[in-house]
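Subject: Structure handover

Hello,

Here is the structure we talked about. Please open it first; my notes follow below.

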Amino acid sequence: MNSQLLIPMFVHVSWAGLLYVLLTIMRAPSIWNIGAREDGTNPWAELEPRTSANLSNQFEWPLFFYIVCILVLLNDRISEEPYIWLAWTFVIGRILHSFVQILTRNIRLRGIVFTINFVAVFGMWAALLVDYLG
């Protein structure tokens, strides 16, 4: 059974888990008054909605990433190598996308980084189609 593909999948799951932790920390001043400023405001108020949106994004296009990875993992006849490169491209792109979405308001850069993710997963699906048909 193929297994190297599990590593980028695990890294992405870990990244989503880290985003949950960050979001909890960012919400703590508003919800539990932990870490609030002296005036009671949340120092993370600007970043919290962008972090929340980014966390939601981790469950949209990545769904197609996980499906193609599972299909590759279930088929021992498929060479895993091209999928591994594309999977790492996707995961690194998702992490970059998080930084761009959370820390900037640069929609163009965010679109470029998303395109990297999109192309990587689409490439995985195209390779899978070729592997199954060829």
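An angle over 145 degrees between two axes counts as roughly antiparallel. Keep that cut-off in mind for the helix pair below. Note also that this is a predicted model.

Helix packing first. Helix H2 (residues 47-57) and helix H4 (residues 81-103) have axes that come within 8 Å and cross at roughly 155 degrees. H2 and H4 are therefore roughly antiparallel to each other. Their crossing is right-handed. H2 contributes Leu-47, Arg-50, Thr-51, Ala-53, Asn-54 and Asn-57 to the contact. From H4 come Arg-94, His-97, Ser-98, Gln-101, Ile-102 and Leu-103. By type, the contact residues of H2 and H4 are four nonpolar, six polar and two charged.

Now the salt bridges. The count is three.

Arg-27 pairs with Glu-48, with the closest N and O atoms 2.7 Å apart. Arg-27 sits in helix H1 (residues 6-31) and Glu-48 in helix H2, so this bridge ties together parts 21 residues apart in sequence. Arg-27 is partly exposed, at 31% relative accessibility. Glu-48 is buried, at 18%.

Glu-46 forms a salt bridge with Arg-50 at 3.7 Å. Arg-50 is buried, with a relative accessible area of 13%. Glu-46 also meets Arg-105, at 3.3 Å from N to O. Glu-46 lies in the loop between H1 and H2, and Arg-105 in the loop between H4 and helix H5 (107-133), so the pair links parts 59 residues apart in sequence. Arg-105 is exposed, at 61% relative accessibility. Through shared partners, Glu-46, Arg-50 and Arg-105 join into one salt-bridge network.

Best wishes

Note on methods:
Residues are numbered from 1 along each chain as its sequence is written. This is a predicted model: local features need pLDDT of at least 70, side-chain atom pairs count only at pLDDT 80 or more; totals for chains, interfaces and linings use all residues. Side-chain values use heavy atoms; hydrogens and water are left out. Axes are lines fitted to C-alpha atoms, for helices over the stretch in contact, and angles run from 0 to 180 degrees between N-to-C directions. Helices (H or I, at least four residues) and strands (E, at least two) are DSSP runs, numbered from the N terminus. Angles under 35 degrees count as roughly parallel, over 145 as roughly antiparallel, 65 to 115 as roughly perpendicular and the rest as oblique. A crossing is left-handed if the near helix is turned anticlockwise from the far one by less than a right angle, and right-handed if clockwise. Contact means heavy atoms within 4.5 Å. Ala, Val, Leu, Ile, Met, Phe, Trp, Tyr, Cys and Pro count as nonpolar, Asp, Glu, Lys and Arg as charged, and the others, Gly among them, as polar. A salt bridge is a side-chain nitrogen of Lys or Arg within 4 Å of a carboxyl oxygen of Asp or Glu. Buried means under 20% relative accessible area, exposed over 50%, partly exposed in between (1.4 Å probe, protein chains only).
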